[in-house]
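This report describes the helices, surface patches and side-chain contacts of one protein. Please read it beside the sequence and the model.

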Amino acid sequence: MNLFLPESGLVIWMLVAFSILFFVLAKFAWPGIMQSITKRQEHIADSLRKADEAVKTLESLQEKGNKIIAEAQAEQVKMVQETKELNQKMIAEAKAKAESEAAKIIEAANEQIKRDKEDAIKELRQEVAALSIEMAEKVLKKELADKKAQSNYVSSLLSSMEKNTPAS
């Protein structure tokens, strides 16, 4: 017996066994295998479709995120600029108010100085008048030692004041 040359009966029986096995497999196993392969293909196709949708959704979300970030950055720049402008405006207003207050304080100080000067002049005049009256009293007391001469002099002064003419 040769290993490479089988006998013809053995070949026929092997063919019959293979045919039966092929028929049984074709009748019962192949439909189940083909059905599971078809289901697997459908599942893979569905998964790929969902993955594509997920990628598209992710890209859309990424674009929206980039837009939101860009808008937020623009808003941030705008807010910083508005804050700077408001800060400059507040500083300008504070300077103007400070200058106005300083001018008012200087004006009030000048007016107070003027009033103090006028008060000092009035006080000086009153002191000069008091000293003058005191000196005049002393001079008059000495000159008008008697009461009759004093009353005549006072009467002449009063009459000259009524006429608005200076006494001689």
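The text below goes from the overall architecture to the aromatic pair, the salt bridges and the charged surface.

**Basis of the report**

The model is predicted, and local features need pLDDT of at least 70, side-chain atom pairs count only at pLDDT 80 or more, and totals for chains, interfaces and linings use all residues. Residues are numbered from 1 along each chain as its sequence is written, while side-chain values use heavy atoms, with hydrogens and water left out.

**Overall architecture**

The protein contains two helices and zero strands; helices (H or I, at least four residues) and strands (E, at least two) are DSSP runs, numbered from the N terminus. Helix α1 covers residues 8-143. Of the 168 residues in the protein, 1% are buried. Here buried means under 20% relative accessible area, exposed means over 50%, and partly exposed lies in between, with a 1.4 Å probe and protein chains only. The protein exposes about 15800 Å², of which carbon and sulfur atoms supply 64%. Such areas come from the Shrake-Rupley method with a 1.4 Å probe; for residues, only the protein chains shown count as cover.

**Aromatic pair and nonpolar patch**

Rings of Phe, Tyr and Trp (its six-membered ring) pair if their centres lie within 6.5 Å; planes under 30 degrees apart count as stacked, over 60 as edge-to-face and the rest as tilted. By this rule there is one aromatic pair. It is formed by Phe18 and Phe22, which are stacked at 6.2 Å centre to centre with 25° between the planes. The two residues are four apart in helix α1, and so they are separated by about one helical turn. Phe18 counts as exposed because its relative accessibility is 55%, whereas Phe22, at 48%, is partly exposed.

Both phenylalanines also belong to a nonpolar surface patch of about 790 Å², together with Leu21, Leu25, Trp30, Ile33, Met34 and Ile37. Patches are made of residues with over 30% relative accessible area and no salt bridge; like charges are joined within 9 Å, and nonpolar side chains (Val, Leu, Ile, Met, Phe, Trp, Tyr) within 5 Å. Ile37 lies in helix α1 and is partly exposed, with a relative accessible area of 39%.

**Salt bridges**

A salt bridge is a side-chain nitrogen of Lys or Arg within 4 Å of a carboxyl oxygen of Asp or Glu. The whole structure holds four salt bridges, among them those listed here.

| Salt bridge | N to O distance |
|---|---|
| Asp46 and Arg49 | 2.2 Å |
| Arg49 and Glu53 | 3.2 Å |
| Glu111 and Arg115 | 3.9 Å |

Asp46 and Arg49 both lie in helix α1, three residues apart, which is about one turn of the helix. Arg49 and Glu53, also both in helix α1, are four residues apart, again about one turn. A network of salt bridges links Asp46, Arg49, Lys50 and Glu53.

Glu111 and Arg115 are four residues apart in helix α1, so about one helical turn separates them. Glu111 is partly exposed, with a relative accessible area of 40%, and Arg115 is partly exposed at 41%.

**Negative patch**

Asp116, Glu118, Asp119, Glu123 and Glu127 form a patch of negative charge on the surface. Lys and Arg count as positive and Asp and Glu as negative, while His and the chain ends are not counted. The place of a charge is taken as NZ of Lys, CZ of Arg, CG of Asp or CD of Glu. Glu127 lies in helix α1 and is partly exposed, with a relative accessible area of 44%.
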